[in-house]
Amino acid sequence: MQQHHVILCATRCALDTLRDKDSIEAFMRKLAYATHSQIVHGPTVVARKGSFPGVTAVAITHSAHLVMHTFVPEREALLEVYSYISVETAEVRDAFLSHFKEDVANMKLVDFTKWRYEDIECEEPNCTRRASRDWHGRKVCQDHYDTYRDGESRARESSFEND
Ligand SMILES: [Zn+2]
């Protein structure tokens, strides 16, 4: 199964865009289009009151789920797109940025799409081996994984010696 999974977080968003349920609903529809999918449920758009005022929107499409939360006092918006058909990350990002009148510099993008490791390289500098292991969230090759693990067990042994 293909996995396309992207999380975007924008800060310093224009306030009106974070509160307006109608425009957020329109945005969710636009996003479904950007993910080449049709909405089968929703968008459900709810204004949250209480400690974290903002809007939460959810849509289920025939190949994805789209979830958005806005946080008005913090002026933040968070979007999660998960799809099992191909998604153009750039298209999703552009739609998100233009809706929230956001500057790309203020945005954080986490792309989990390649977290199946087959396609990614070890994150250690100058290492081009395939990342097949996960060391506390760091994608590394087997050799670097072993190096980290050995280092940790040595650190543990020496702390026992000090007891
Ligand atoms: Zn490596």
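## A hairpin to start

Strand 2 and strand 3 form a hairpin with five residues between them. Gly 50, in the turn, has a positive phi of about 90 degrees. Helices (H or I, at least four residues) and strands (E, at least two) are DSSP runs, numbered from the N terminus.

This is a predicted model: local features need pLDDT of at least 70, side-chain atom pairs count only at pLDDT 80 or more, and totals for chains, interfaces and linings use all residues. Residues are numbered from 1 along each chain as its sequence is written.

Seven bridges join strand 2 to strand 3 (residues 54-61) in the antiparallel sense. Two strands pair if DSSP finds at least two bridges between them. Within this pairing, Thr 44 stands opposite Val 58 in strand 3.

## Two faces of helix 3

Val 92, Arg 93, Phe 96 and His 99 are buried in helix 3. Seen down the helix axis, the buried residues fall within an arc of 135 degrees, so they line one face of helix 3. That arc is taken over the directions from the helix axis to the C-beta atoms. A residue is buried if 20 or more other C-beta atoms lie within 10 Å of its own, exposed if 12 or fewer, and partly exposed in between; C-beta atoms are placed from the backbone.

What covers the buried residues? The cover includes strand 1 (4-10), helix 1 (15-19), helix 2 (21-34), strand 5 (76-83) and strand 6 (107-111). Contact means that the C-beta atoms of two residues, placed from the backbone, lie within 7 Å.

The face turned away from the buried side carries the exposed residues Ala 90 and Ser 98. Ser 98 sits in helix 3 (residues 89-99). Why does Ser 98 count as exposed? Ser 98 counts as exposed because it has 11 C-beta neighbours inside 10 Å. Ser 98 and Phe 27 are 71 residues apart in sequence, and their C-alpha atoms are 9.9 Å apart in space. Just after helix 3, Lys 101 takes a positive phi of about 50 degrees.

## The whole chain

The protein chain has four helices and eight strands. From the N terminus on, its elements run β-α-α-β-β-β-β-α-β-β-β-α. The radius of gyration is 20 Å, well over the 15 Å that the globule rule gives for 163 residues, so the chain is more spread out than a compact globule. That radius is taken over C-alpha atoms, and the rule is 2.2 Å times the number of residues to the power 0.38. Along its principal axes the C-alpha trace spans about 60 × 40 × 30 Å.

The domain assignment gives domain 1 (4-111) and domain 2 (117-163). Such bounds come from an automatic or database domain assignment. The C-alpha centres of domain 1 and domain 2 lie 35 Å apart. Of the 163 residues in the chain, 25% count as buried.
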